[in-house]
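Dear colleague,

My notes on it follow directly after.

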Amino acid sequence: MAQTRLPSAGFSITIRIGVVADASAIGRLTTCVGEAGAIVTALDVVDSDPTTVIVDLTCDTADANHADQVVKALEALDGVDVRKVSDRTFLLHLGGKIEVTPKVALRNRDELSRAYTPGVARVCLAIAENPADARRLTIKRNTVAVVTDGSAVLGLGNLGPAASLPVMEGKAALFKRFGGVDAWPVVLDTQDTDEIVRIVQAIAPAYGGINLEDIAAPRCFEIEERLRELLDIPVFHDDQHGTAICVLAALTNALRVVGKRMEDVRVVVSGAGAAGTAIMKLLLRQGVGDIIAYDRPGVLHAGLKDLPPAWQWLVENTNRSGYQGDLSGALRGADVFIGVSAPNLLSGDDIAAMADDAIVFALANPDPEVDPREARKHAAVVATGRSDQPNQINNVLAFPGVFRGMLDAHAEEFTEEMAIAAAQAIADVVGEDKINPTVIVPSVFDSRVAVAVAAAVRAAAQASAAIAAVDTSTP
């Protein structure tokens with residue numbers, strides 16, 4: 001069976017199967033699944049009698065159609081009765097993935113009187129007299145709003161607010177798991193920029209930070225910029241800054257592996273949307289040699305007219321040679337490829353045309369811009385956004401620690417200095433003595449990551465506050 005996409009846990013299924021009880025039965029099941037291009041991850045016997053064995057076979061497939069093909073292949077075996085197929089991803093989402101849990105006991109009238117009326121009135125009056133006490137006496141000190149309009153959900157496009165909710169729930173769960181931050185989905189049934197800005201401004205008093213998520217470019221740029229001007233809490237668009245932080249961290253270590261310097265490399269970036277633009281700006285801030293940006297109109301260059309402001313900025317600050325060809329041509333002799341765009345844009349031959357010791361970050365998810373197996377034949381370091389491949393570049397390395405640090409520092413804004421500090425912290429967690437072509441970023445489950453990022457961001461925030469205090473006190 002031809003299978004081009006890679007199986008993943010995102011399309012994991014459990015199949016309950018009745019099979020004739022003979023010595024080869026289980027082996028025939030696993031062989032069939034393997035030949036169908038899936039990966040068996042578990043097989044459990046749940047019941048049996050003298051003639052039949054009931055097993056639950058769990059396997060990773062590539063997509064829904066592939067899962068159906070695997071089931072049909074099993075059904076075609078003699079002596080096999082497929083009784084039930086469960087999609088493990090849908091089972092995990094039943095009823096949602098997060099909940100609110102009180103931090104205080106409410107066991108009697110005494111506790112109720114202090115947590116609610118009449119005792120709570122004293123706390124309200126204290127905050128009314130000194131609004132800054134809201135950070136100390138309410139959930140504001142540790143709570144983030146995860147805000148979306150559903151216009152750019154993952155790589156799926158404009159799905160709207162309801163369909164975006166599973167992603168926002170997941171984001172909130174990651175905030176809590178990795179950063180100890182309480183986050184809550186705020187999905188908005190509008191894609192009007194002015195209305196989004198006004199709604200977020202109106203709800204901001206309850207939160208210590210705003211995480212913008214899955215809002216399409218170029219609207220996301222304006223929304224973030226305006227909210228930063230209006231609010232006294234950090235506004236962080238994770239699709240932009242979280243991705244840029246993780247890419248900078250990964251590239252820092254990848255360059256260490258191949259022995260190249262940031263200022264000497266030429267980078268080609270496919271995708272000049274929210275993530276790509278933020279990546280390029282941060283790399284330029286770090287002194288990268290040159291960047292060529294590619295998007296739907298082709299390579300961005302000075303000859304293009306009527307560009308949106310974000311692309312016009314890129315035209316003015318990248319592609320110093322004025323290259324005007326296609327993506328494959330841009331890659332010839334390039335040191336680094338970073339893809340945040342669409343699947344299957346490149347072949348192994350394109351990677352082979354890059355410079356010696358090339359670095360490839362193919363981050364389109366779930367299917368990268370180039371098959372990582374082909375890329376590894378020619379590139380020295382290959383990374384993707386997938387959890388089933390080495391060097392997964394995942395925003396969860398950044399945003400929990402970034403917000404933990406900003407909340408702890410009572411930061412009023414997110415800055416480029418914080419981004420660079422966070423990237424350096426992520427890179428350093430690996431350690432120069434541990435990095436190699438398949439380990440350029442730490443595991444997302446490495447407990448040191450969020451702690452290190454939070455400390456770096458907190459220090460950057462405190463340094464910025466100290467500079468600001470000197471500036472305001474200087475006549």
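With which residue does Glu222 form a salt bridge, and how far apart are the closest N and O atoms? The partner is Arg226, and the closest N and O atoms are 3.1 Å apart, where a salt bridge is taken as a side-chain nitrogen of Lys or Arg within 4 Å of a carboxyl oxygen of Asp or Glu.

Before going further, please bear in mind that this is a predicted model, in which local features need pLDDT of at least 70 and side-chain atom pairs count only at pLDDT 80 or more, while totals for chains, interfaces and linings use all residues. Residues are numbered from 1 along each chain as its sequence is written, and side-chain values use heavy atoms, with hydrogens and water left out.

Helix α9

Glu222 and Arg226 are four residues apart in helix α9, so about one helical turn separates them; helices here are DSSP runs of H or I with at least four residues, and strands are runs of E with at least two, numbered from the N terminus. Glu222 is partly exposed, with a relative accessible area of 39%, and Arg226 is partly exposed as well, at 26% (buried means under 20% relative accessible area, exposed over 50%, and partly exposed in between, with a 1.4 Å probe and protein chains only). The helix itself covers residues 219-230 and reaches 17 Å from its first C-alpha to its last, close to the 16 Å expected at 1.5 Å a residue, the expected span being 1.5 Å times one less than the number of residues. Cys220, Ile223, Glu224 and Leu227 are buried in α9, and, seen down the helix axis, the buried residues fall within an arc of 95°, so they line one face of the helix; the arc is that of the directions from the helix axis to the C-beta atoms.

Other salt bridges

The structure holds 25 salt bridges. In one of them the side chains of Lys171 and Glu213 meet at 3.2 Å, N to O, and because Lys171 lies in helix α7 (residues 161-179) and Glu213 in the loop between β7 (209-212) and α9, the pair ties together parts that are 42 residues apart in sequence. Lys171 is buried, with a relative accessible area of 8%, and Glu213 is buried too, at 5%. Lys171, Glu213 and Asp238 are linked in a network of salt bridges. In another pair, Arg136 and Asp133 meet at 3.6 Å, N to O; here Arg136 counts as exposed, at 51% relative accessibility, whereas Asp133 counts as buried, at 15%.

Cysteines

There are zero disulfides in the structure, a disulfide being a pair of cysteine sulfur atoms within 2.5 Å. For Cys59, the nearest cysteine sulfur is that of Cys32, 9.8 Å away, and Cys59 counts as buried at 0% relative accessibility. For Cys246, the nearest cysteine sulfur is that of Cys220, 17 Å away, and Cys246 is buried, with a relative accessible area of 1%.

Helix α11

Helix α11 (residues 274-285) is mostly covered, with nine of its twelve residues buried, among them Gly276, Thr277 and Met280. After α11 comes Gly287, whose phi is positive, near 85°.

Backbone points to check by eye

Most residues other than glycine have a negative phi, and most peptide bonds are trans. A cis peptide bond joins Thr117 and Pro118, with omega about 10°, and Pro118 sits in the loop between α4 and α5 (120-129). A cis peptide bond also joins Ala217 and Pro218, with omega about 5°, and Pro218 is placed in the loop between β7 and α9. Asp306 has a positive phi, near 55°, and is found in the loop between β11 (298-299) and α12 (309-317), where Asp306 counts as exposed at 79% relative accessibility. Asn319 likewise has a positive phi, near 55°, and lies in the loop between α12 and α13 (327-331), but Asn319 counts as buried, at 6% relative accessibility.

With best wishes
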